[in-house]
Amino acid sequence: MARLKIGIIGCGGIANGKHLPALKAIDRADIVAFCDLIPERAEKAAKEYGVPGAKVYTDYKELLKDESIDVCYVLTPNRSHADISIDALHAGKHVMCEKPMAKSAADARRMVEAAKETGKKLTIGYQHRHKAASQYVKGCIDRGDLGEIYYAKAYAIRRRGTPNWGVFLNEYEQGGGPLIDIGTHSLDVTLYLMNNYKPRMVVGTKYKKVEHPEAGNPWGGWKEGENTLEDAAFGFIVMENGATITLEATWALNTDEPIPEGSCRLCGSKGGAAIIRDEVTMNTVDLDRQIITKPDLSAGGVAFYDGVKETPPITEQRRWLDAIENDTDPVVLPEQACVVSEILEAIYTSAKTGEPVYFNR
């Protein structure tokens with residue numbers, strides 16, 4: 001099979017920190033085009049990750065005219081995810097779009113429709129699904145170990161961790177703060193493990209209360225008045241089948257127990273599971289005793305061999321290219337990612353109005 005040809009749209013932090021190194025590591029596709037509003041960034045990425053003669057653009061629509069490109073990666077600020085992805089799909093490209101799917105739920109729904117209309121594959125960059133911990137718990141759930149999952153907690157709690165570069169503090173470009181930035185990861189992996197995408201009602205709150213959130217921030221501070229986004233947001237989500245999910249997402253919170261994004265707890269009728277800091281804890285009752293097990297997810301186990309280690313971003317790329325080459329569904333379906341965006345928007349709406357948001361699905 002001929003190697004897939006990839007075009008990169010957006011050559012900033014997420015491209016250089018995640019997607020490009022992972023694509024280079026698996027070496028299964030040729031990156032033939034790079035686009036960024038800042039030409040120097042596209043040129044630098046092309047030199048480091050592109051094939052000889054890789055093209056550089058500042059207008060993504062010019063890149064999309066290249067009929068040889070099979071797949072586009074949309075790695076831009078949230079505001080432009082929908083328009084660029086939709087244009088790429090209609091140009092005949094498969095699309096990997098970074099998380100969150102879109103700035104608004106309406107835009108996310110437009111992306112789903114475009115994928116259906118064009119028949120092209122669309123996926124969203126929720127790499128926490130691809131962690132060894134997530135895959136182990138998913139296997140246990142699919143086997144029935146937890147029974148009916150009726151309560152879950154999704155965590156993305158930073159004590160201090162406000163990103164101050166790029167457009168992270170720009171509400172127009174991003175649509176919000178920690179909820180849409182890191183809470184989206186935790187909600188996605190929780191819904192994925194539960195295999196439940198039918199919300200009925202959401203209540204949300206958000207806060208900007210922490211005094212001097214820049215104090216202790218690992219990335220330093222920001223200009224006065226630059227950060228207008230929430231420090232923290234919380235959601236109470238009731239699904240159509242009665243299951244309840246609580247979501248906690250913070251960049252700054254005076255807590256003694258930060259829990260990184262991608263963490264969750266799941267409580268079922270037969271047992272429970274937790275993924276906290278990429279470690280798995282399973283709980284159940286056996287022979288009238290409460291038991292807790294912690295699987296060893298490390299590779300290796302023999303002398304002089306550490307096992308084959310694959311990071312979630314590399315696994316994500318491998319499985320995505322597999323889906324294209326084998327014409328199968330991607331791990332992250334656009335319909336699923338759309339529900340994540342709808343719930344996030346409902347939390348923001350409820351926080352603003354002080355009222356519950358009900359879904360009519």
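Helices (H or I, at least four residues) and strands (E, at least two) are DSSP runs, numbered from the N terminus. The model described here is predicted: local features need pLDDT of at least 70, side-chain atom pairs count only at pLDDT 80 or more, and totals for chains, interfaces and linings use all residues. Residues are numbered from 1 along each chain as its sequence is written, and side-chain values use heavy atoms, with hydrogens and water left out.

Strand β3 (residues 55-57) contains Y57. With a relative accessibility of 16%, Y57 counts as buried, a class that means under 20% relative accessible area, against over 50% for exposed and values in between for partly exposed (1.4 Å probe, protein chains only). Leaving aside residues up to four places away in sequence, Y57 touches A33, F34, C35, D36, A42, E62 and L63; contact means heavy atoms within 4.5 Å. Y57 and I9 are separated by 48 residues in sequence, and their C-alpha atoms are 8.9 Å apart in space.

The description now turns to a sheet. Nine strands form an open sheet in the order β14-β13-β12-β11-β7-β10-β9-β8-β15, with mixed pairing; two strands pair if DSSP finds at least two bridges between them. At the edges stand β14 (289-293) and β15 (357-358), each with a single partner strand, so one side of each is left without a neighbour in the sheet.

Within this sheet, β9 pairs antiparallel with β8 over eight bridges, and M239 in β9 is the bridge partner of P199. β9 also pairs antiparallel with β10, over seven bridges, and here G235 stands opposite L247 in β10. β9 and β10 form a hairpin with four residues between them, and G242 in the turn has a positive phi of about 95°. Six of the eight residues of β9 are buried, so β9 is largely enclosed by the rest of the structure. Elsewhere in the sheet, strands β12 (residues 272-276) and β13 (residues 279-286) run antiparallel and are joined by five bridges; A273 stands opposite M282 in β13.

Helices lie across these strands. α6 lies across β7 (149-157), β11 (259-268), β12 and β13, and runs at about 25° to β13. Helix α10 (residues 334-353) lies across β8 (199-207), β9 (232-239), β10 (244-250) and β15, at about 55° to β8. For these angles, axes are lines fitted to C-alpha atoms, for helices over the stretch in contact, and angles run from 0 to 180 degrees between N-to-C directions.

Pockets complete the picture. On a 1 Å grid over the protein atoms alone, a pocket is an open set of points where a 1.4 Å probe fits, with protein on both sides within 12 Å along at least five of seven lines, and lining residues have an atom within 4 Å of a point. Grid points are joined across faces, edges and corners, and a volume is the space filled by probe spheres set on the points. The largest pocket has a volume of about 1,100 Å³. It is lined by 46 residues, of which G13, I14, L75, T76 and P77 are the closest to its centre. α8 provides the largest share of this lining, four residues.

The second largest pocket holds about 350 Å³ of space. Among its 15 lining residues, K131, A132, A133, L297 and E310 lie nearest its centre. Two or more residues of this lining come from each of α6 (132-143) and α9 (312-326), and α9 gives the most, with three residues.
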